[in-house]
Amino acid sequence: MRYIHTIKHIAIKETLSIFRDRLSLVILLILPPVILVIFGYALRFDPEDVNFAVLDRDNTPESMEFIAHLDNSPSFRFDAYLEREEEILPSLTYGKQKVVVVIPEGFSLSLLNRETAPDIFIDATDPMASGSIGYNLQQLLHQQMEDHLKKHGIQSNRPSFNVSFLFNPDLKPEVIPIPGLIMIVFILISALMLSLSMHREKEKGTSRMLMLTPAGISEVIAGKVVPFLVICLFHITTIWLLSGWLFNIHVAGSDAMFFLMCLLFILNFIAYGLLISAFIRTELELLLACWFFLFVPNMFFSGFLFPISTMSPLIQPFAELIPGTSFMETYRGVVLRGTSLTDHWAELINILLQTTVACILAIWGLKRNYLRKT
Amino acid sequence: MNVIYTDRLSKHFGSLKAVDQVSISVRQGEIMGLLGANGAGKTTLIKMLCGMLPPTEGTGAVAGYDIVGQATSIRHRIGYMNQSVSLLENLRVSENIEFYGKIYGMNKREIAARWEELEDLFKMGAHRHKLASELSSGWRQMLAFVIAVFHNPKTLFLDEPTSGLDPLSRFEMWEQIYRTAYQGTTIIMSTHYLSEAWYCDRLIMMENGRVTAEGSPEHLNEISGKQGLGQLFLMQQK
Amino acid sequence: MKILAAILWKEFLQLVRNKELLILLFACPVSILGIVPFALENNTRINAGIVDYDRTPVSRSYAAMMVHSPEFAEVRHFPTIESAERSVKLGQTKVILVIPPDHERKLNRFPPGDPLNLAIEATHPKKAQHLLATTASLLTEAHRAGSQHEVEAYQKVGSPHKVEAHQANIHNLFNPEASYQYYYLVSLLVLVQTIIGCCLLNHNIISEKEKGVLAQFNSTSLNRYLYIAGKGLFAMFVYLAITLVSLTFCRLVYGMTVQGNPEEYLLVTILFSFPMLSLGYLAAVLTKNQVQTIYLLILLLLTMILMSTMFTSLDSMPEWARLTRFFNPVYYMLDISRLIILKGVQMKHFITQAVMMTATGLMLSAAAVLIMRKSPERW
């Protein structure tokens, strides 16, 4: 009873100090939904209105039709005509164009072979974008060719496919950045903010004051964690609401599973936040530790920016262990594929193990270091 | 001759009147003590006189320069010791001093000569090569004092220079303060210690940003009915 | 000049005596550049599933081609569509090919048989497109190989007229192998420069502010602008040193060289330090302690980095998001870095970006100076 009582009062103290600092209030309450909304809309991975130039050696109605077809698509925007081949490289190097389409003499949608097919020169410095551009161009060419052949009663030899996109039939682009942004929000609040608060207490010397009271280290930790946990729970709700309302991403599985999943990962990041604050000495070290041990691995190796399957075979086993990877996989499962948490038992065990180990080490470290002078 | 004077000097922070209508004057070579409880306005007054904070109302001058329009000129001619004893922690004692000497335009020869002059006086020779972070609190305060006087300012502002020191260290600090004043430097210092008030030539008592009493320690003692400065101080607080 | 020299010397002594900071400053960029690129090898291998209702040599040839293709890691056979979909749901399979019955019998005949069915896991739309393109391309090839003689036969008798479909000839310039590594190495280099440039000066000022050292300087004859300029100059030297170390590291480990003029790149790096140091300084002026400054920097840096095209392309961003680039020095630095390092472009072709980048630095510095003059106690 006394234990709960102590935790309650430490939690109240922590809440008051959060709410009386305007900047931390902005970061804790307003920034997460702002990150989700702004970057959920801003971070897209499919290029649109890509400027292209044309070197048309054919100059027939068919070639004009092809150019118009490209220009009318949302992916491309006609920018310029080129006169000579020598203009191609400068156009892509210095100009505004990312693509140059060279239509050969004798271009014909009825008979496309190596000689009559257009040559597409793409600025491939950004391989992700250039891959999309190449794919979109091929699709447009095929589409126009199929239409042309149908109009003339000719059957294409190309096999046709019925393609169904499972779990995201409209290929909604928001599903790419949203889970990553949620992960960033969780790291920001539950790890970074909490560890800053712990460190600040140590620096000011108030942690020593607390330690000299009947409150033990576990009560102090619990009391400090509770307000951040409540704020995170608040944000899980806003994320759930905003995802559905703004981005039309509704939980395919159970909403309770979604909340439980988020809670588990928040606890994991809280454990890491405590672990970092237990061993660092200065705020700069804390910031850099959070950056290099939390943000960087979870952003780059979790499947948020680059799929795990594209990573080096040496790195993949480590990437699978990163909490962010488990979060991304579980999120996609629960929210998009409608799985339950038990279908992700490997990820859950990974997270629970890491959380437990991090908590034990954090408590040990805090008991050892929290009383020390900074 | 008055080295420092103020005329209804005030500093407001929103609705808080940190310094309220203070009019004082300090003569050359005097040791002026500012006595007051925490939050009385001593540090704010000192900061305004140093040209660090612009006043909200009133005027003032230090060493003949206006504290509002000629703050830069004032800073060339004063020395200041911070309440929080701010040193460059990762620099050695000699490096801290050398840095401040250079800021005031002293060349290497002048710095070396001045250091030779002060080294024995302040007994800092043994600590010359220590990092500031390695010094005890007494020596840190002594170093801060040396930094404040190194460039031979004619006016010195000391914000609680003996705060936190043991009695022996406080005695040694006052020795240095007297020695500096004897050389003609005007000193304005704030203090909490009533016993130190007797070491000053004149005292200003402050409460809630206002001057509540002013005069020599003996004069103030008379006002209190010879009950002591402490009694007068408490009476002023009430 | 003497005072400036004194300030630079003081900053140097403080840095070299702070071993932890020194290690962090040089080790962190090297570790980012040394580890993160391993995430970018682009060894895409697909886990596929086949539901074969045809069970003929042609349908088995599709499976054989997928098994032998380097693009596919695993090809599993499922008895039913439901079992295959379950596998996709659990994340074990990414694409399912359903071959309808009578596929071989109706191949290249008229009327055509049921098309092949591809079900693709689309929780990551970009990946889904790639899966579709890879699988469709492979199947097209398999289809063509299997039916070439049929095409010739049709072409001889003349009806129904069929054509061999072909694709456009794609040429990837500047990066023929579509390697992610160099592109993102440049991004990581700029990321390192952004963080170091911003945090270095900021941390320096804020820690002096907290300890009261700035207040002490305020009482001296030291010109505060000179002091900040001195600190900024020193921070710039450190930042340049870290950039050189990072570039050397990239060259030694990844073989990445600057295709353009290295001196021009260093000049641009110096120009970039100006807005970053100014931003760090502005954050230091606006805040009172380290915690507040960390909050503010997180907010600003996260926004600038995510909107800078470091991880997405400008063409994929919505119009309103693209407009933010005009105020984002990180965007300009990324653009210039890609032009110099990856394309070998000369300075005259990116002078506009360089000017804009410097202009953002001027704006940030001006803002910081204005705030400092208005509220000198912030210093």
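Start with the largest nonpolar core, and select A:V100, A:F186, A:L274, B:L49 and B:I188: of its 246 residues, these touch the most other members. A nonpolar core here is a set of buried Ala, Val, Leu, Ile, Met, Phe, Trp, Tyr and Cys residues joined through C-beta atoms within 7 Å. A residue is called buried if 20 or more other C-beta atoms lie within 10 Å of its own, exposed if 12 or fewer, and partly exposed in between, with C-beta atoms placed from the backbone. Now colour helix α6 (residues 181-211) of chain C, which supplies the largest share of this core, 18 residues. Helices (H or I, at least four residues) and strands (E, at least two) are DSSP runs, numbered from the N terminus.

Before you go on, keep in mind that this is a predicted model, where local features need pLDDT of at least 70, side-chain atom pairs count only at pLDDT 80 or more, and totals for chains, interfaces and linings use all residues. As for labels, residues are numbered from 1 along each chain as its sequence is written, while chains are lettered from A and ligands numbered from 1 in the order in which they are written.

Which residues is A:V100 in contact with, leaving aside its neighbours within four places in sequence? Show A:F52, A:A53, A:L55, A:L82, A:I88, A:S91, A:L92 and A:F121, and you have them. Contact means that the C-beta atoms of two residues, placed from the backbone, lie within 7 Å. Another core, of 25 residues, lies apart from the largest one; C:V75, C:L118, C:A122 and C:L139 are among its members. As a general point, nonpolar side chains tend to be buried together in soluble globular proteins.

**Chain A on its own**

Hide the other chains. Chain A has 13 helices and six strands, and 46% of its 374 residues count as buried.

Then find A:F259 in helix α9 (residues 255-279) of chain A. Why does A:F259 count as partly exposed? Because it has 15 C-beta neighbours inside 10 Å. Draw a line from A:F259 to A:W240: they sit 19 residues apart along the chain, and their C-alpha atoms are separated by 8.7 Å.

**Where the chains meet**

Bring everything back. Two pairs of chains touch, and chains A and C have the most contacts. Select that side of chain C: 86 residues of chain C are in contact with 93 residues of chain A. Helix α5 (residues 125-157) of chain C gives the most to it, with 13 residues. By type, this side of chain C divides into 47 nonpolar, 27 polar and twelve charged residues. (Ala, Val, Leu, Ile, Met, Phe, Trp, Tyr, Cys and Pro count as nonpolar, Asp, Glu, Lys and Arg as charged, and the others, Gly among them, as polar.)

Now try the contact between chains B and C, which takes 18 residues from chain B and 19 residues from chain C. On the chain B side, α2 (71-77) and α3 (93-103) are the elements that give two or more residues. Of these, α3(B) gives the most, with five residues. The chain B side holds ten nonpolar, five polar and three charged residues. As for chains A and B, no contact joins them, and their closest C-alpha atoms lie 13 Å apart.

**Two stops in chain B**

Click on B:Q21, in strand β2 (residues 16-22) of chain B. It isn't a glycine, yet its phi is positive, about 55 degrees. B:A63 also has a positive phi, near 55 degrees, in a residue other than glycine. You'll find B:A63 in the loop between β5 (57-62) and β6 (65-66) of chain B.

**Last stop: confidence**

Colour chain C by pLDDT, the predictor's confidence in each residue, from 0 to 100. Chain C averages 84, and 89% of its residues score at least 70. Look at residues 153-164 of chain C, where pLDDT stays under 50. For the complex, the predictor gives an ipTM of 0.82 and a pTM of 0.81.
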